Amino acid sequence: YMTKNGAIMGAWGGQILALITWISVASTRCSDGSDPDDFVASNDYPTCETGALDVNTLGNMNAQTAGSLVALCVSGIIAFVVAAIEYKSGKEQPFEWETMREGIKRV
């Protein structure tokens with residue numbers, strides 16, 4: 001079962017939390033995009049400087065994966081929780097699929 005508010009809250013909540021996760025994980029990466037534990041100094045990057053948000057850090061596969069997983073999982077959880085709360089409180093009733101079957105006429 002799904003409600004209108006559950007779908008809206010799940011979509012927006014999942015997207016906002018995914019962006020927060022993506023940016024926060026990216027800010028913990030070195031300036032060259034590598035993991036601080038695996039950093040190898042080079043002429044271009046002599047030290048591991050974290051906190052930068054640029055193409056290298058935001059393009060890091062760990063940051064992208066974390067943001068994507070949060071978007072997929074959290075949006076579904078939020079939508080389910082909101083819909084369950086609305087059903088339990090009596091605010092929403094399950095959709096009557098028979099109404100839809102009867103209302104759609106073949107041409």
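**Contacts, a disulfide and overall form**

User: What does Glu49 touch, leaving aside residues up to four places away in sequence?

Analyst: Glu49 touches Arg29, Cys30 and Ser31 in this predicted model, and each of these counts as touching because contact means heavy atoms within 4.5 Å. Glu49 itself is found in the loop between H1 and H2. Thr3, by contrast, is 46 residues from Glu49 in sequence, and the two C-alpha atoms are 46 Å apart in space.

User: Why is the link of Cys30 and Cys48 called a disulfide?

Analyst: The sulfur atoms of Cys30 and Cys48 are 2.0 Å apart, and a pair of cysteine sulfur atoms within 2.5 Å is what the term requires, so the pair qualifies. A search of the whole structure finds one disulfide.

User: What makes the pair a link between distant parts of the chain?

Analyst: Cys30 and Cys48 are 18 residues apart, although both are in the loop between helix H1, residues 4–26, and helix H2, residues 55–58. As for its handedness, the link is left-handed, with -85° about the S-S bond.

User: Why are Cys73 and Thr65 given the label "partly exposed"?

Analyst: The relative accessible area is 45% for Cys73 and 40% for Thr65; exposed means over 50% and buried means under 20%, so both residues take the label in between. Thr65 lies in helix H3, which covers residues 61–89. Between Thr65 and Gln93, which are 28 residues apart along the chain, the C-alpha separation is 36 Å.

User: How do you know which kinds of elements the protein has?

Analyst: There are four helices and zero strands, and from the N terminus on the elements run α-α-α-α.

User: What does the radius of gyration say about the protein when it is set against a compact globule?

Analyst: A compact globule of 107 residues would have a radius of gyration near 13 Å, whereas the protein has 22 Å. The C-alpha atoms fill a box of roughly 70 × 40 × 15 Å along the principal axes. Of the 107 residues, 23% count as buried, and the protein exposes about 7700 Å², of which carbon and sulfur atoms supply 63%. Among the contacts with a separation of 6 or more, 66% are between residues 24 or more positions apart.

User: How many charged side chains are there, and where do the centres of the two sets lie?

Analyst: The protein has 7 positive and 12 negative side chains, with the centres of the two sets 23 Å apart.

Key: Residues numbered from 1 in each chain as written. Predicted model: local features only at pLDDT ≥ 70, side-chain atom pairs only at ≥ 80, totals over all residues. Heavy atoms only, no water. Helix = DSSP H or I, 4+ residues; strand = E, 2+ residues; numbered from the N terminus. Buried < 20%, exposed > 50% of the residue type's maximum accessible area, 1.4 Å probe, protein only. Rg over C-alpha atoms; globule rule 2.2 N^0.38 Å. Areas by Shrake-Rupley, 256 points an atom, 1.4 Å probe, with all protein chains shown as cover. Lys, Arg positive; Asp, Glu negative; His and termini not counted. Charge placed at Lys NZ, Arg CZ, Asp CG, Glu CD.
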